[in-house]
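Trainee: Could we go through this structure together? I would like to take it piece by piece.

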Amino acid sequence: MISIDNISKSYTDAGETRVILNELSLSFEQGDSLSIQGASGSGKSTLLHLLAALDKPDSGKIMLQHEDCMLNLSTFSEKQADQYRKHHVGLIFQRFNLIDCISVWDNVKLPIQISKGTYGEESDAFLKELLSSLGVYQHRHKLPNRLSGGEQQRVAIARGLAHKPPLLLADEPTGNLDGKNSDSVSHLLVETCKAQNTALLMVTHSQKVARLTEQQWYLEDARLRAI
Amino acid sequence: MYWPFLGVLLASYRNSKFSLLMLLCSLIIACSGLSAVLVINSSAKQSYSSNEQFLVPNVFHQIIPAGNDKILTKQDYANLRRAGFTELIAIAQTQQHVFVEGKRITQRRIEYTGIDTYALLSYLSVPKALSSTSTENDNEDSSLLNTGNFSQLAFSSTDRGSVALLHPELHQNLIDAAKVIQANDGEFKTEDARILPQLQSLENAALGNDIIMDISNLFALYPDSQLSSLLVIGELSPTRVRRIKEELPEHLSLQQLNTAAQTSELTNSFHLNLMAMALLMFVVCLFIVVNAVNLLLHARLAWLKICRQLGIGRQQLFLVQLCEVVILTLIATIAGMLLGIELAKLASPTVQSTLENLYQVNVGFGNISLTGLFIQVFFISLLGCVAASILPLQKLNQDLSSTKSSDHPARQKLWTRITWGLFIAFSFTGFLLLNFAQALWMLLIATACVILAGCCVLLVNYPLALKQINKLIPSSMPLLSMSAKQSMALSGKTKIACCAFFIAATSNIGMNLMVDSFRGATFTWLEQRLSADYYIYSNTELGINDIAAASGVIIHQRFDNYTKYQGKDIQQFSYPSTPRYQEAMSFYDLAPAFQQNNIQNLWASFEEKNGVLINQQFAFGFDVGAGDQIAIPHPSTGQLNNYLVLGIIYDFGNPSPQVLMPVDMFDPSTSAFFIYSIQANPEQLSSFKKALEAKGLDAQDRMISTSELLKLSMKAFDDTFIITDGLNIVTLLVAALSLACAIVVIMNDVRPQNMLVRSLGVSAFKTQILALFQYLLLCFVALIFATPFGILLSWVLIFEINYQAFSWTYPLLLSASKIAKVYVTSLCVVCIVIAIPLIRAGKRPLISDIRQMN
């Protein structure tokens, strides 16, 4: 589904060039789950941003299989990148995942309305099932700031999967939660992705969370190594 | 403790350049607006008082012609001086343009004043035996010129001859105007190429728009000039007054100059109007200061929290930041003051024409005391700034504490109740003042109460109105709906800015409707009143009546007479009662007996000299109604008679109370006149023109058609209201700036939400449009609330302020297109002002927001 081919990325700070990713390659298919661990500043989030077409590599290709053709993410224009995120990617962040002036239900509904332009009964049933499976259906009429951190992250998973993207990118989704909540949210995340046949790429510091995914990678010295 | 914190404070400017810039800009705008109005105010005040001042010291009486048709001659002057009245000093005045190389260089006529300086100097140098006066020069400061100046005028001579004095600014204007036309010789001349005396600048604000010279020079330049008055120097004893009166020929009269009360009244109203203008501008500017300080504090919130953690107390934080506000105010005052002076100079011609139209004074150039101006501006600004900073600084204290109590529902409920309470208080005060106030300043307070009551209504109902609007957005537009909901959340954070916008919008709608109504009323009134085909302005007998009779042209002469009613000056004008002129009359109110289609009887009564018509100024000024009786002198005989007030008429633009009386009540041989109205067909007109030209009168120059007159009058009207239009736009701009400051703060708050929306694949452009929609929605709702209050304000302005200030009112014209124009202009101004922060936010890449937030 996505194949990363020899990508490199470096940053220049105060005249000093720092290589973050060095000729890195990786590929995964729909329904796969991967976790990436690494020290702070090792480039985990950068890799995630490249896969979300938020940033471009200095060299190498990120190929996306779309229907019968292969698209190179690194050559996407801003408009193409917007379209890609609209239809192919779900994003979950550590914080600020929900719009606080609209209800939980409206938050979850929003990606469907943005990507499909319409919202029908089928979507309604799907969202009901999704929220129920994540255990937050009863909170659907509440505003996000009325929910606990764990509940908010579960709603964020639902929002990330609502428009059925083939790829879900999660940047330390449980980084702000306590141990118990972290376990339950990460379990739900992996299981729901599997159930939806969505590829999951999760950046995390927690080995426990990482172990829930099928493939575990460690980013060190700008290169990936399998654990 | 203070110094390290101050160091951190200064270092913080590196990261909050934009906020600092906004704060400084808003302060400079506030200070420059205030300085400009203070300069205009002071200059106009000086000029106004100079209009009521005399050229020489200790003048309490003057001798003038007994009527408009009478002339004060040089022979009269010589006879009176020969009779021993050496305290009489002749003055001649004429208004003329200045020319260079045959080209006119002045936009407005300059007042040339000639003084018999030799007579004056010889009088001042001899002991005052004849008059029981106290002509010490202790009062010299209250006059325009002193003995030195008179000597300069009388004896100074240059290679070009004698000297004339004028204000340096007028002098500079003439020099500049001469440069524009690239004059070679640079000599200032009259229209018929007579060279003006050597112009010398004299720093005296009261000189206004005048050129002062010796009377002989004035007659040399303008031989046709007449003496305008003879000033009597020194206080006169009753015996001396009696003696002068006995010696005066019939065509001259002695007039006591005691206009202090009237002057003071007019000056106060004049001053009050300008101060109201300044305060409106200043108050709106303070809204920017509140938002700008908020913006600055918001930018430093994070490190202020660290300072608190390091043990710096709230009071210390407050004090240091207050010092910062004082320093910034000082910088802004200096910059704003300089800008304000330049602005005042720029606005000078427009302001001059407006003030001259409204108050009929000659506005010249003011002497500005920079120190005085600085002290005034600095202390007013400082007071305003400190007051405006307390609110954001207190909010900062709340933000620095761990609990935010402002969101608590009980507290919100309390605020709602307080706001409703304030609404009731403002409404009640406004109502009382509007019904019982007798002074203009109280009515201005009532106007402020109306606006503030509106602010309270807006604050309480803002979220409710936004909620209703949100309901109208279809569910198929999720982003729009989300934006509208976000607006509801933002309305709580933009209260102050929205109030500033509301005030600006309300005053805009109010002023626009007032001006539109005034314009409509003036146009209709002029169109109706200007019933003749042509008008000739002339106050000298040219035999026009005979020429008209020979040409078959119907002509009416407008006679006038000036008399007193209840001790105040009034005008008596003649009005023809032919059917055409009857139709042309525009009534504000009729006596009860003539109200029901009984207008013919009214005119019959008018022709029978049983009744008169009065203008609104007379009716409101003396509290006279239609149907009342008034006792006024007969314009020809002077005999006091009672007349029924048949009706009250509109008379816009006239500051004086006026009574219209039948033409035959005026004696053509003795009454003054200044205008002829002409009705004629084209043939009659052509023959009339030829007859005029045969008599050596330039018909083209003297006659003005009704359409031309109407056009000229409306142009004068529009010119008068240029300032109002300008002020409206400035107020809107300032309010929009205030909103922009608030928006910059909000943008930081809504960044995570926008980041999220963009991460869902919504383009940056769409996000910007959505943000624009949010802010415009806030403004639109403020405009909706401003509309009824704007209409109410225009009602107050027309029926209360105008009534009190000018003694006239006119029907309120509610024009939907005018209100729509204010809507469009306001939203455009907001779009322009918020475009910069919006574009700035839109240009930030999504990835930088994501990195920063997570």
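Trainee: Which residues of α6(B) are buried?
Mentor: The buried ones in α6(B) are E169(B), L170(B), N173(B), L174(B) and A178(B). Please bear in mind that this is a predicted model.

Trainee: Stepping back, how many helices and strands does chain B have?
Mentor: Chain B has 27 helices and 20 strands. Of its 854 residues, 39% are buried. Taking contacts in chain B between residues at least 6 apart in sequence, 85% join residues at least 24 apart.

Trainee: Which way do β2 and β9 of chain B pair, parallel or antiparallel?
Mentor: Antiparallel, over five bridges, between β2 (residues 88–96) and β9 (residues 227–233) of chain B. In that pairing A92(B) stands opposite L227(B), while L88(B) has V232(B) as its bridge partner. Towards β5 (residues 110–115) of chain B, β2(B) is joined by six bridges, again antiparallel, and there A92(B) is partnered by G114(B).

Trainee: Changing topic: how many residues are in the largest nonpolar core?
Mentor: The largest nonpolar core has 202 residues. Those with the most contacts inside it are A158(A) and L169(A) from chain A, with F501(B), F502(B), A735(B), L739(B) and A782(B) from chain B. A second, separate core holds 43 residues, including Y77(B), I91(B), I212(B) and V232(B).

Trainee: Now chain A. What is the strand order of its six-strand sheet?
Mentor: In chain A the order is β6-β7-β8-β3-β9-β10, an open sheet with mixed pairing. Its edge strands, β6 (89–92) and β10 (223–226) of chain A, each pair on one side only. Neighbouring strands here are turned by 20° on average, direction ignored.

Trainee: How many bridges join β9 to β10 in chain A?
Mentor: Four bridges join β9 (residues 215–220) of chain A to β10(A), and the two run antiparallel. Within that pair, W217(A) is bridged to A226(A).

Trainee: Which strands does helix α1 of chain A lie across?
Mentor: Helix α1 (residues 44–51) lies across β3, β7, β8 and β9 of chain A, at about 150° to β8(A). Helix α5 (residues 149–161) of chain A also packs on the sheet, touching β6 and β7 of chain A, with its direction at about 165° to that of β6(A).

Trainee: Lastly, how many residues of chain A are in contact with chain B?
Mentor: There are 23, in contact with 20 residues of chain B. On the chain A side, α2 (78–88) and α3 (104–116) each supply at least two residues. That side divides into 10 nonpolar, six polar and seven charged residues.

Note on methods:
Residues numbered from 1 in each chain as written. Chains lettered and ligands numbered in written order. Predicted model: local features only at pLDDT ≥ 70, side-chain atom pairs only at ≥ 80, totals over all residues. Contact = placed C-beta atoms within 7 Å. Nonpolar A, V, L, I, M, F, W, Y, C, P; charged D, E, K, R; others polar. Buried ≥ 20, exposed ≤ 12 C-beta atoms within 10 Å, placed from the backbone. Pairing = 2+ DSSP bridges. Core = buried A, V, L, I, M, F, W, Y, C linked by C-beta atoms within 7 Å. Axes fitted to C-alpha atoms, helices over the stretch in contact; angles between N-to-C directions.
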